[in-house]
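This report goes through selected backbone, packing and charge features of the structure shown below. Please keep the sequence at hand while reading.

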There are 2 protein chains.
Amino acid sequence: MIAINWGTSNFRAFRIGSKGTLEAEKTSSRGALSVPSGGFLDALMAEVGDWIRAGEEKVLMSGMVGARRGWKEVPYISVPATLEKVAGAVVSLQIDCLDARIVPGLIGADECGIPEVMRGEETEIFGCEGGSPSHSNLCLPGTHTKWVRMEDARIAAFTTCMTGDLYKAIREGSILRSFAGQDPIDDAAFLLGVARSRQAGALAHHLFCVRTLLLTARIAESSASSYLSGLLIGHEVKTMAREGESVHLIGDAALCSLYARALAEFDVQSSVEPAGADLRGLTRIAGRLEW
Amino acid sequence: MIAINWGTSNFRAFRIGSKGTLEAEKTSSRGALSVPSGGFLDALMAEVGDWIRAGEEKVLMSGMVGARRGWKEVPYISVPATLEKVAGAVVSLQIDCLDARIVPGLIGADECGIPEVMRGEETEIFGCEGGSPSHSNLCLPGTHTKWVRMEDARIAAFTTCMTGDLYKAIREGSILRSFAGQDPIDDAAFLLGVARSRQAGALAHHLFCVRTLLLTARIAESSASSYLSGLLIGHEVKTMAREGESVHLIGDAALCSLYARALAEFDVQSSVEPAGADLRGLTRIAGRLEW
């Protein structure tokens with residue numbers, strides 16, 4: 001079978017042999033947002049057509065491919081959600097040439113009753129090593145970071161912070177855009193930003209101070225993006241992490257490492273999930289389906 | 001004389017007769033950021049050359065025209081600052097054809113010792129009707145909103161929140177960009193956004209909820225920008241306003257009206273300065289100079 005993590009900005013495909021072994025892997029920047037309406041089958045064939053022509057007919061996909069602007073809108077299922085509930089709501093695309101199916105996203109609400117949604121992260125969560133995640137608090141850093149509360153192997157509730165999206169928007173469109181280059185992370189500046197986030201003040205105020213620290217040469221231009229990253233992640237962690245409760249991080253290793261450092265500044269312990277949670281999750285969901 | 005409020009994005013010029021009467025007025029979008037390095041005299045002549053050729057030789061300017069990327073960098077002066085101290089630090093451009101001078105900006109620090117700067121707002125503040133402002137708490141809404149503490153007719157301290165800049169960056173570069181059109185403000189949606197800001201949660205979380213409220217049709221696409229505005233201004237006001245202390249607003253009437261409504265939601269009274277504070281401030285500073 002072919003397992004695909006098809007997110008907003010990236011496409012990751014895995015070819016899995018009949019005995020569950022990973023036979024091939026492919027990553028590209030053909031995210032769901034870059035595919036024109038009606039163009040998903042063509043996009044799929046362009047990426048993994050070789051595998052399909054070689055006989056693979058089963059395709060299981062997770063992520064934004066199931067969103068309103070994706071291949072087909074797959075209804076969200078409500079939390080609390082187990083792996084079985086998610087697998088039971090997988091939707092078939094009903095196309096002739098392939099048995100292609102999409103994993104549903106989840107819908108919940110925050111403590112104020114405002115809707116919360118995810119697509120793709122549910123699959124990574126159920127792909128944690130050792131089966132259903134044994135951690136109570138998960139964090140999946142990204143453009144739209146998810147903070148997830150697990151109860152009895154169920155996804156009980158989750159909260160999204162669009163910290164990565166804000167970081168990008170601020171670097172592209174605000175007075176802080178002058179240092180828009182992608183600098184390597186400067187650890188000291190990142191931690192200074194986290195320390196700043198712990199002080200009183202609105203985020204919009206702390207952001208302006210990045211400008212004044214540059215103007216007064218108290219931080220270097222080349223460190224400013226790291227400082228900004230620490231400031232934004234710090235403001236998120238300050239609100240989301242619970243003192244004394246550890247957090248298990250799932251996602252890109254470099255980003256997980258930044259979150260781990262920020263959490264440590266707030267005296268919150270963390271662990272990091274080994275790479276491949278998406279593949280493991282897709283494999284587990286596929287194993288619960290009748291093909 | 002000619003009085004000019006030359007900000008980042010806008011140019012406002014006033015021709016003032018010998019008896020202090022306003023003889024002409026001109027506004028354009030030729031902000032300091034749009035003028036190439038070395039091109040300020042040409043820009044000035046393009047805007048008000050007619051007035052200069054008609055005999056006006058005294059030009060007093062405030063705002064970003066005195067910044068590092070402006071006509072000439074005029075050193076900041078430190079708070080606390082009186083009108084006299086600001087007037088005493090006006091810098092002459094020393095050009096042949098004109099007696100052109102620039103009002104200095106102010107530098108201070110927030111309660112954590114992080115630098116704070118303003119250019120142009122000091123002139124508006126000293127232009128409050130009735131002479132030196134009798135209010136203790138001022139707010140000058142804009143791209144970089146200033147919250148100012150006055151003591152004995154001195155600007156004692158100030159704090160900047162880049163709320164307007166964030167609003168623009170989010171509408172241009174984030175997942176919330178789909179409703180980037182300039183909708184007329186929807187009062188009810190604005191107040192819903194302010195109400196949301198009063199609830200617990202990080203700004204980055206509340207921002208993502210704008211997306212989920214749209215997805216679940218709980219707010220209309222046409223109201224989303226008003227909701228976002230309420231959310232951002234609410235998060236600012238929540239941190240900056242002091243309960244029981246009224247705030248005097250100086251600036252664009254429509255924006256002041258939004259801030260007044262947000263402040264009222266936090267039970268903070270406000271008043272609005274009549275238009276023309278920049279002209280009044282420039283006139284007062286000019287009156288203290290030897291020409």
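Ala153(B) sits in the loop between strand S11 (145-151) and strand S12 (154-161) of chain B; helices (H or I, at least four residues) and strands (E, at least two) are DSSP runs, numbered from the N terminus. The phi angle of Ala153(B) is near 65°, a positive value in a residue other than glycine. Ala153(B) is partly exposed, at 27% relative accessibility. Here buried means under 20% relative accessible area, exposed over 50%, and partly exposed in between, with a 1.4 Å probe and protein chains only.

The model is predicted: local features need pLDDT of at least 70, side-chain atom pairs count only at pLDDT 80 or more, and totals for chains, interfaces and linings use all residues. Residues are numbered from 1 along each chain as its sequence is written, chains are lettered from A and ligands numbered from 1 in the order in which they are written, and side-chain values use heavy atoms, with hydrogens and water left out.

**Backbone**

A positive phi also occurs at Asp267(A), where the angle is near 60° and the residue is not glycine. Asp267(A) belongs to the loop between helix H8 (253-265) and strand S14 (270-272) of chain A, and at 60% relative accessibility it is exposed.

In chain A, the peptide bond between Val79(A) and Pro80(A) is cis, with omega about 0°. Pro80(A) is in the loop between strand S5 (77-78) and H2 of chain A. In chain B, a cis peptide bond leads from Val79(B) to Pro80(B), with omega near 0°. Pro80(B) lies in the loop between strand S5 (77-78) and helix H2 (83-88) of chain B.

**The two chains**

Chain A is superposed on chain B by a rotation of 180° with 0.0 Å of shift along its axis, at an RMSD of 0.0 Å. This is the relation of a two-fold axis. The superposition is by least squares on the C-alpha atoms of residues with pLDDT of at least 70 in both copies. Both copies use the same surface: 100% of the contact residues of chain A recur in chain B, contact meaning heavy atoms within 4.5 Å. Which residue of chain A comes closest to the rotation axis? The answer is Ala169(A), with its C-alpha at 2.7 Å.

**Helix H7 and buried residues**

Helix H7 of chain A (residues 224-240) has 17 residues and should span 24 Å at 1.5 Å a residue; its end C-alpha atoms are 24 Å apart, which agrees. The expected span is 1.5 Å times one less than the number of residues. Of the 17 residues of H7(A), 15 are buried.

Ile250(B) is in the loop between strand S13 (247-249) and helix H8 (253-265) of chain B. Its relative accessible area is 1%, so Ile250(B) is buried.

Glu122(B), in helix H3 (residues 121-125) of chain B, is buried yet has no salt bridge. A salt bridge is a side-chain nitrogen of Lys or Arg within 4 Å of a carboxyl oxygen of Asp or Glu. Arg119(B), the nearest side chain of opposite charge, is 7.3 Å away; Lys and Arg count as positive and Asp and Glu as negative, while His and the chain ends are not counted. The side chain of Glu122(B) does reach the backbone nitrogen of Gly120(B), at 2.8 Å.

**Salt bridges**

Over all chains the structure holds 29 salt bridges.

| Pair | Closest N to O distance |
|---|---|
| Glu47(A) and Lys26(A) | 3.4 Å |
| Arg288(A) and Glu84(A) | 3.0 Å |

Glu47(A) is buried, with a relative accessible area of 10%, whereas Lys26(A) is partly exposed at 29%. Lys168(B) and Glu172(B) both lie in helix H4 (residues 163-173) of chain B, four residues apart, about one turn of the helix. Arg15(A), Glu23(A) and Glu56(A) are linked in a network of salt bridges.

Note on methods: Polar contact = N/O pair within 3.5 Å; in protein donor to acceptor, adjacent residues only side chain to side chain.
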